[in-house]
Amino acid sequence: MRIINHPILGEAAPRKNITFNFNGEEMTGFSGEPIAAALRANNIIIHRYTRKFHSPRGVFCAIGRCTDCVMIVNGRPNVRTCVTALEEGMTVTTQYGAGGGA
């Protein structure tokens, strides 16, 4: 799921592999990459559900302008995962509505 050798940017520099927790399941990602990128590499595309219609949402703009990728990170709701760096041991949880837990 990752581009290792990009035709224009070249080969990706080695990165430190770390673990994080998503909805109670241990996953791996690269230190410092966006949380959303680590989730996508683990085949997770739904980040939250809307309050009114319970519609699934995931990455939309990928630059931190919209709120489609917000999740609960280390107990804090409404974290934009597309622009928040992954850290060792983070706890990431699907968000329901305006910030309620699972």
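Two strands are said to pair if DSSP finds at least two bridges between them. This idea guides the reading of the structure above, which is a predicted model.

Consider strand E7, which covers residues 70-73. In general, strands of a sheet pair through backbone hydrogen bonds, either parallel or antiparallel. Strand E9 (residues 91-93) is joined to E7 by 2 bridges, and the two run antiparallel. Within this pairing, Ile72 has Thr93 of E9 as its bridge partner. E7 also pairs with strand E8 (residues 76-80), again in the antiparallel sense, over 3 bridges. E7 and E8 form a hairpin with 2 residues between them.

The side chains of E7 deserve attention as well. In a regular strand the side chains alternate between the two faces of the sheet. Val70 and Ile72 point one way from E7, while Met71 and Val73 point the other way. All four of these residues are buried.

A further sheet is open and consists of 3 strands in the order E6-E5-E10, with mixed pairing. Its edge strands, E6 (56-57) and E10 (95-96), each pair on one side only. E5 and E10 run parallel and are joined by 2 bridges.

Most residues other than glycine have a negative phi, and most peptide bonds are trans. Asn23, although not a glycine, has a positive phi of about 50 degrees. Asn23 is placed in the loop between strand E3 (17-22) and strand E4 (25-30), and with a relative accessible area of 39% it is partly exposed. Asn43 also has a positive phi, near 65 degrees. Asn43 lies in the loop between helix H1 (35-41) and strand E5 (48-49), and its relative accessible area of 55% makes it exposed. In the turn of the E7-E8 hairpin, Asn74 has a positive phi of about 50 degrees.

Finally, the cysteines may be examined. A disulfide is a covalent bond between the sulfur atoms of two cysteines. How many disulfides does the model contain? With a cut-off that requires the two sulfur atoms to be within 2.5 Å, the count is 0. For Cys61, the nearest cysteine sulfur is that of Cys66, 3.7 Å away, so Cys61 is in no disulfide. Cys82 is likewise in no disulfide, because the nearest cysteine sulfur, that of Cys69, is 3.7 Å away. Cys61 counts as partly exposed because its relative accessibility is 25%, whereas Cys82, at 10% relative accessibility, counts as buried.

Methods: Residues are numbered from 1 along each chain as its sequence is written. This is a predicted model: local features need pLDDT of at least 70, side-chain atom pairs count only at pLDDT 80 or more; totals for chains, interfaces and linings use all residues. Side-chain values use heavy atoms; hydrogens and water are left out. Buried means under 20% relative accessible area, exposed over 50%, partly exposed in between (1.4 Å probe, protein chains only). Helices (H or I, at least four residues) and strands (E, at least two) are DSSP runs, numbered from the N terminus.
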